[in-house]
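Here's a quick briefing to read alongside the model. Have the sequence and the 3D view open as you go.

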Amino acid sequence: MKTRNMLRRIKWRLGDHSAPDIWNAPAAVLASHILANFDLADPARKIVPQALSSIEEFYRSRTSRTCNGAPLDVSSSPIAEKEGRGLLRLAVQENVRQSLEIGLAFGMSACHLLLALQITRGESHISIDPFQQHSYYQGCGLMNVYRMHLGAPFQWLAEPSHLALPMLLRSGKQIDMGFIDGSHIFSDIFLDVYYAHLMLTQGKLLVFHDAKLPATRTVGNILVSNFGYAEEADPAAPGFLILRKTNPGHLDWKDFNSQFQPFDVADTAQNPDRPDPSPQRSF
């Protein structure tokens, strides 16, 4: 079984299966492709097509069910459908088994990452979001995860990330991928990334949403210049900043000469394509 799975992953990496087009195909087409190219466990062979179909319907209808069963319009907040598919593709290509995200919201990033774990036979996905029960979300993210039967490897932490992340680190948690999409305040992003970095396995990825925001870009620059990360361009996922942990960085406290490297601070004026900040959520 292990040999067969390894051969399938080699085939995936060397063949045309990593082409972004297949990941943006209709749900039924993508499901057939996954079933034909991966040795899924029996439950996953049912879960993957059903979940892909449910996600497709979510984006078609732009409605979700709250924890009370009422319909809720979600036309403004979730990650885009292609972004979700991009997350799924990245996680599968990286053979992710332990993932972490900051910001559950309506659950679409979580559902795509949990789908990836069905394909890779992964073990754990943790979502940190203290606002899931707020009137803006009304538990929709949790409802979507469990309605799509993706809840087995899922854990939701309701504490703010500045409390939840140190707890995870203290427990010895390690991750293969981190998806950063919580607060977009510079200090909050950096704090989320700092702890995610400490838990991230060498050679693995941190993925940021809203890559064009100056605060996001600046944190990324710090990771590249000081923390040993390399940026990886992905034309199929322009909304993401993708960074791979490639070396120890300049973090030796004994080396006073090189333990800090200057970094670029992104300028708001140089980001004309950044999202319109006018629609504000009320918390």
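Val207 touches Leu87, Leu90, Met177, Gly178, Phe179, Ile180, Phe240, Leu241 and Ile242, leaving aside residues up to four places away in sequence; contact here means heavy atoms within 4.5 Å. Keep in mind that this is a predicted model, where local features need pLDDT of at least 70 and side-chain atom pairs count only at pLDDT 80 or more, while totals for chains, interfaces and linings use all residues. Residues are numbered from 1 along each chain as its sequence is written, and side-chain values use heavy atoms, with hydrogens and water left out.

**Nonpolar cores**
- Val207 is also one of the residues that touch the most other members of the largest nonpolar core, which has 52 residues; Ile34, Leu52, Leu88 and Leu150 are the others.
- A nonpolar core is a set of buried Ala, Val, Leu, Ile, Met, Phe, Trp, Tyr and Cys residues joined through side-chain atoms within 4.5 Å, and buried means under 20% relative accessible area, exposed over 50%, with partly exposed in between (1.4 Å probe, protein chains only).
- H6 gives the most to this core, with 9 residues; helices (H or I, at least four residues) and strands (E, at least two) are DSSP runs, numbered from the N terminus.
- Apart from this core lies another, of 26 residues, including Ala164 and Ile175.

**Positive phi**
- Ala105 has a positive phi, near 50°, though not a glycine; this residue sits in the loop between strand E3 (98-102) and helix H6 (108-120) and is buried at 18% relative accessibility.
- His149 also has a positive phi, about 60°, but is exposed at 52%.
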